[in-house]
Protein chains: 2
Amino acid sequence: MSEQDPIVIFTPSGKRGRVARGTPVLDAARRLGVDLDSVCGGRGICSKCQITPSFGEFSKHGVTARPGALSDWNAVEQRYDDKRGLAKGRRLGCQARIEGDIVIDVPPESQVHKQVIRKNADARAIAMDPATRLYLVDVAEPDMHEPSGDFQRLAKALADQWQISGATADLSLLARLQGVLRRGAWQVTVAVHHDHTGAAPRITEVWPGLHETGLYGLAIDLGSTTIAAHLTDLETGEVRAASGLMNPQIRFGEDLMSRVSYVMMNPGGEVEMRDVVRKALSDLANSLSQEAGIDPALIVEATIVCNPVMHHLLLGIDPTELGQAPFALATSEALCLSVADLELTRINPRARVYILPCIAGHVGADAAAVALSEAPEQSDDLVLIIDVGTNAEILLGNRDRVLACSSPTGPAFEGAQISSGQRAAPGAIERVRIDPVTKIPRFRIIGCDLWSDEEGFAEVSAASGITGICGSGIIEAVAEMRMAGLLDPSGLIGSATQTGSDRSLPEGRTHAYLLHDGREDGGPLITVTQGDIRAIQLAKSALYAGARLLMDEMEVEHVDRVVLAGAFGAHISPLHAMVLGMIPDAPVDRVTSAGNAAGTGARLALCNRSARALIERNVRRITKVETAIAPRFQEHFVAANAIPHATAPFPHLARAVTLPQVGFNTEGGAGGGRRRRKRG
Amino acid sequence: MSEQDPIVIFTPSGKRGRVARGTPVLDAARRLGVDLDSVCGGRGICSKCQITPSFGEFSKHGVTARPGALSDWNAVEQRYDDKRGLAKGRRLGCQARIEGDIVIDVPPESQVHKQVIRKNADARAIAMDPATRLYLVDVAEPDMHEPSGDFQRLAKALADQWQISGATADLSLLARLQGVLRRGAWQVTVAVHHDHTGAAPRITEVWPGLHETGLYGLAIDLGSTTIAAHLTDLETGEVRAASGLMNPQIRFGEDLMSRVSYVMMNPGGEVEMRDVVRKALSDLANSLSQEAGIDPALIVEATIVCNPVMHHLLLGIDPTELGQAPFALATSEALCLSVADLELTRINPRARVYILPCIAGHVGADAAAVALSEAPEQSDDLVLIIDVGTNAEILLGNRDRVLACSSPTGPAFEGAQISSGQRAAPGAIERVRIDPVTKIPRFRIIGCDLWSDEEGFAEVSAASGITGICGSGIIEAVAEMRMAGLLDPSGLIGSATQTGSDRSLPEGRTHAYLLHDGREDGGPLITVTQGDIRAIQLAKSALYAGARLLMDEMEVEHVDRVVLAGAFGAHISPLHAMVLGMIPDAPVDRVTSAGNAAGTGARLALCNRSARALIERNVRRITKVETAIAPRFQEHFVAANAIPHATAPFPHLARAVTLPQVGFNTEGGAGGGRRRRKRG
């Protein structure tokens, strides 16, 4: 370029250079590596390349842009404006030509790699770079003298017009192709799946002319108990619909081990369970596309995260090996599949499915997704990430090293195995406070913003009733009981005489704490029994022991911060979790919730193919720690039984709250207990 | 290697070199690039690496091999000999170590790329190099401290032990894998498909321990009328069973155009036809594996050749575009598919299917297979290859250039549209001779080696009866009628008075020739009618015109040789074909039959993956000539109506036979006709 050629400066990237007079803005952007979108490739019909020119003196950039620095508004732009409307000041980048020095702004919606701000507290952005994108192509008509297949001419057009070479397609696309090419008068839009694996690009759908109704993907979090999915716009990253349903495999076994047992007892059981979960995924896809009002054929991708047993059951692989040492996965790496492989329907029949890699036989693609979402390998301080579920996935690490394990907490945290326990649903007690003097509780239920002692609670709560306690409720209840002196560090509930409270009800040789008596109104009696405490102690000990094991491996005595992931994690009170001794001691304000981090990881992998490459690379670098064979796990587990726990001091917790020094025995005697312990 | 190291010479390759003393023969062979097979990779269990050492003075090679030049017979060899038996003089190449100068013969059965001599006259050999081969691997056991999937450890073993990296597998293999690995105590044999396309190697089957029951493939010739397949041993190339069945699509239309019409009239008709032909292929696979006594799971590959309409109907693609100019194929290139794509059963569910490329909209993968089998591009002289069928595929070429076209001959050559016509089956007249003086015919029928005037014919032919005329019979009958003066060059049958024969029967205003009257014995009256002659004239004119069109394009007036391909081509008498004017004039002894060249092409592609690369390359180089739009095709077609034909001199034919100068008219007058013509 000579000094005579105009200078063009793109904002916000700041990229600049000289281009030949008359160069279309789109071409200039491509030449300068500026991120400016286009589906139609400069034909003036897709409008993805809208830009905003600026005129005037730009001392910062050292240029003066005069009117006339861009070619005049042309007929193509006028037609587009008449038909669809162009915002004031906007031009089509493929039509406007650079005639003089100019500054051109690329608005966010015209960027290919749009930044999508995630909704939760954490402001990390997703840069859009999905594996599937749209391209408009003009295909050469058939010529008897140079016979070649319609598909071969389409592939050549993609190579010539978009530099995408070696494209392939399934038979079902070939069967559609000839009609679409002719309906589109040899101009078609293709959806091309081109992922991070180096596999050949694959044409997954074709539409006549310019396709303008978008492309969508499903990010699926396939849990043992619930299956959640986000229907996501693959151009903007926007979630168009979110929904969940119960995993129908529950009828074969509540938890993973009972499903593994089912297969061991019932040969072919893995096929039954495979079929029901595949059908559930199809049903979920169906309800999401209906909710969003989107043609299922526009759903061209899905990503799936799940634990190893669900992973195998989804793939139709007998999970028996995962139920016994050495917990060998049939396959551990990420999988790129077709929906046909998984027999999914209610989605484009040529859609591609990406399943994140498993970390180990006990630490699945769901943990990998959490790692992708929370990026411990980019953390300067040492972060402990806990995804609480029937199995807890635990990650500990920083820039230097990341460790992972899983811990069999069992379903107590999800309200199962608890006498008044229930799933998180309207009517479930989710928050609990106990007056340390009167021992009288107040609580909140899901679906009502008032506390139970606030005015109007009775009216508002009448709709759902007060039905039971969910996971976060039981954690708060147990921690509050400990703080109110109703419970000693060994987990024993004191009697009325021991605790000075008439809410302590005798129950055989033990006691229960009366949380709510709804029997007058036909509701349940909701208590926290000694059995409930024991179940929670087992669960929290497993969780804590897993975290401690990783801390041992990392040779640290404390962590800088704790992230609670999982839908459930979002509802746990950090302070109560620490009083209970679920998690190691840490500054209370540095215990945060990441929301559904596994689901977020699935969305990241859906929206950005380099996230797939990243997690595949990171998974290989994560050090796996197997809790089942670590002798210290048992030690930690036993020591963690105490509330809070007996394995390490907890200075941060001590600063936040004073725990009463109580100790009970089953005989009902008040006063110091067998297992009274010193506090740090 | 130093001068101290022994010299080893392998025969028959003649490859030689020095190797370190103590090197196993198998290792020496690999190092010197000698083709010595091994499935077990030197573990002494597969016995594929058997060799024969020679001792003595080899002046030709300049070495003297002394006893002791190979290590002693060892325990592994003894065990193998006890269990399976080793032929005298044979050693296991993986056990015998080179201790001194030696000459080692690799017997044909120990070569990886065995040469398989084809059965037909043409002695070109098939070198075995199938896409799928067996490998024995020892897989690392799972380790909790380094968790990785069983599949990943299998893939690593393949890479480490056989230098096959990046192997992939379908979900159904992953579902089998864990059980097989454990049953085989972590030693398994895998079938790996690794074709010519650069696609990742794919593990298609896995067996515990050493798999010794072979690997098989199907070479399928999918014709409009019949489907034929050869079940072939992928290690030796041997055909283990061959079978055929009628194409069940016949019920939708006898010929291709009527099947295309069926789809045009019945939306979704392509799905019906797809389903019946896929089922037929599965049935054929089933009957072949039963006939050969082979487990269908051992059939791990298939190759398919077919015309373009069958190609699309097999793939489930609407063939309408193939029925009208510009005859656009949906896809023209070779296809590498899974059996699942084609819904084939009775074959390994992970078997791979290779469909040869199509040359053009009218010239299919069957023509490509003929080109692969007959290799016109390697011919020094100019060869015309004609695959006679409902559509004739015609190739013309030599080392410089190859042309191809197809010509719509219709089904007359297959016995259809002929008054006494029938398919080639026992009882059908297949050869005819007519005494030029008495005009009395004699003939042979399929299933009987005697001529009809030979003693014992009546007895032998009684079994089938004399039922009609097949394609080769009608060609001979028409040519013999012409030579006997019963037919004039215009194709008119003379009356009894014109021909001096009482075998000329009046039939309306025309005449018929009485070939056989079986009515006394309850059999049919078999005649050649004027209508039959016209049908044959149309068919042969189309064939001839196609060949002429290619000759025009090549700018030649004659060809050096003619190859008649197709099952039918094998039965055509070259002289009679030339008298009829089906084929251009050529030395009679240079008109040969190639048998089922399309089927041979399918077998070549099955047994040798480089044959696939070769035909894909060659197909691109073939010049396609479209008969439907060439104005000269119509000219040639009309001129070719005469018997022999009126478009070129036929000096070779004239030297072989003298054709009577006759000419008839429909009024029955004898003597010279309207269209008498000079002979070259």
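**Helix contact**

Reply: In chain A, helix 6 meets helix 7 through A:Glu270, A:Met273, A:Arg274, A:Val277, A:Arg278 and A:Leu281 on one side and A:Met310, A:Leu313, A:Leu314 and A:Leu315 on the other. Contact means heavy atoms within 4.5 Å. Those residues divide into seven nonpolar, no polar and three charged; Ala, Val, Leu, Ile, Met, Phe, Trp, Tyr, Cys and Pro count as nonpolar, Asp, Glu, Lys and Arg as charged, and the others, Gly among them, as polar.

Reply: This is a predicted model, in which local features need pLDDT of at least 70 and side-chain atom pairs count only at pLDDT 80 or more, while totals for chains, interfaces and linings use all residues. Residues are numbered from 1 along each chain as its sequence is written, chains are lettered from A and ligands numbered from 1 in the order in which they are written, and side-chain values use heavy atoms, with hydrogens and water left out.

Me: At what angle do helix 6 and helix 7 of chain A pack?

Reply: Axes are lines fitted to C-alpha atoms, for helices over the stretch in contact, and angles run from 0 to 180 degrees between N-to-C directions. Helix 6 (residues 269–292) and helix 7 (residues 308–315) of chain A pack at about 90°, their axes 7 Å apart. Helices (H or I, at least four residues) and strands (E, at least two) are DSSP runs, numbered from the N terminus.

Me: Which strands pair with strand 14 of chain A?

Reply: Two strands pair if DSSP finds at least two bridges between them. Strand 12 (residues 132–138) of chain A pairs with strand 14 in the antiparallel sense over seven bridges, and six bridges join strand 14 to strand 15 (residues 202–208) of chain A, also antiparallel. A:Thr189 in strand 14 stands opposite A:Leu136 and opposite A:Trp207 in strand 15.

Me: Where do B:Glu77 and B:Arg91 lie, and are they buried or exposed?

Reply: A salt bridge is a side-chain nitrogen of Lys or Arg within 4 Å of a carboxyl oxygen of Asp or Glu. The side chains of B:Glu77 and B:Arg91 meet in one (2.8 Å, N to O). B:Glu77 lies in helix 2 (residues 75–83) of chain B and B:Arg91 in strand 7 (residues 91–92) of chain B, so the pair ties together parts 14 residues apart in sequence. Buried means under 20% relative accessible area, exposed over 50%, partly exposed in between (1.4 Å probe, protein chains only). B:Glu77 is buried at 0%, and B:Arg91 is buried at 10%.
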